[in-house]
Amino acid sequence: MTTKQILLINDLCSYGKVSTTAMLPILSYFGIPVGILPTSLVSNTFDYGRYSMLETTGFLRDSFDKWKELGFGFEAIATGFIPSRQQADMISAYCKEQAAAGATVFVDPIMGDEGQLYKGMAADELVGVMREMISVADLCYPNYTEACYLTGRKYNPAGVTKEEAAAMLDELHAIGSKSVLITSVDIDGQTSVAGYNHTTDEHFYLPFTEIPVHFPGTGDIFSAILIGHILNGEPLKSSTRKAMDGVYTLIDLNKDNEDKNRGIPLEKYLNVL
């Protein structure tokens, strides 16, 4: 088990297992010390249709200042939902400082899904924010929709060819992320995760079978499992496969849950990871 401490910079949801509340128990189960820095406080998962959200921009700024005074640092950082350009500027600057000291930076450029941005997000500003974030990443992992926005490509509901997937990976790498994954993309008719590993200069494609139910937070679960294996010394490709299998198993075990909007009750199932 690693002793590297990771900082989660993501929103904090009070009702439902998403973002920080989904990632924290998994990373703790993997034996990784976790710090949290909320970018916003959210009353409940967006899937319920109504929610309250409070941005924490001032708290972020003050926290970074205090940590600098106290000499605190982290060996890894994982970023998620970032609601504003102002926050992105602060967070990317902090990530650059920590990366210069040896920290590994993971970026989930949360923006949308199924060809659309999430409600309330302005495309021009949001895409710029997330391009800034992935420029400082050791590993970023947008879904197909997010990858299209980040690279300026048109979203195709039918998916892409393997050659098109490779081109998107290369374009995301060119923005600055060392290694790249594109999750939940149909490649030549097969739902897959596409990847580029900069340490081996390898493109890879991992197919999977979808379970036709929706839970919020599955991307955060994928992220946490992936990071857990990487920080414990496993290669990117095998870590990705294990994260995919973990998400599949958790969805399968919970597919009959009555209130899926609440997310997956992870604490009951950590042993399957």
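This is a predicted model: local features need pLDDT of at least 70, side-chain atom pairs count only at pLDDT 80 or more; totals for chains, interfaces and linings use all residues.
**View 1. Helix 1 packs against helix 7.** Here we look at residues 19–29 (helix 1) together with residues 218–231 (helix 7). Packed helix pairs get described by two things, the angle between the axes and the distance between them. For this pair the angle is about 30 degrees, and the axes sit 8 Å apart. Angles under 35 degrees count as roughly parallel, so helix 1 and helix 7 are roughly parallel to each other. The crossing of helix 1 past helix 7 is right-handed. On the helix 1 side, the contact is made by Ser19, Ala22, Met23, Ile26 and Leu27. Helix 7 brings Asp220, Ile221, Ser223, Ala224, Ile225, Ile227 and Gly228. Sorted by type, the contact residues come out as 8 nonpolar, 3 polar and 1 charged.

**View 2. Ser223, a buried residue of helix 7.** Now we zoom in on Ser223, which has its place in helix 7. Its relative accessibility is 2%, so Ser223 counts as buried. What does Ser223 touch, leaving aside neighbours within four places in sequence? Its contacts are Met23 and Tyr141. Met23 belongs to helix 1 and is part of that helix's contact with helix 7.

**View 3. Helix 6 and the glycine that follows it.** Helix 6 covers residues 162–175, 14 residues in total. From first C-alpha to last, helix 6 reaches 20 Å, close to the 20 Å expected at 1.5 Å a residue. Its buried residues include Ala165, Ala166, Met168, Leu169, Leu172 and Ile175.

Conventions:
Residues are numbered from 1 along each chain as its sequence is written. Side-chain values use heavy atoms; hydrogens and water are left out. Axes are lines fitted to C-alpha atoms, for helices over the stretch in contact, and angles run from 0 to 180 degrees between N-to-C directions. Helices (H or I, at least four residues) and strands (E, at least two) are DSSP runs, numbered from the N terminus. Angles under 35 degrees count as roughly parallel, over 145 as roughly antiparallel, 65 to 115 as roughly perpendicular and the rest as oblique. A crossing is left-handed if the near helix is turned anticlockwise from the far one by less than a right angle, and right-handed if clockwise. Contact means heavy atoms within 4.5 Å. Ala, Val, Leu, Ile, Met, Phe, Trp, Tyr, Cys and Pro count as nonpolar, Asp, Glu, Lys and Arg as charged, and the others, Gly among them, as polar. The expected span of a helix is 1.5 Å times one less than its number of residues. Buried means under 20% relative accessible area, exposed over 50%, partly exposed in between (1.4 Å probe, protein chains only).
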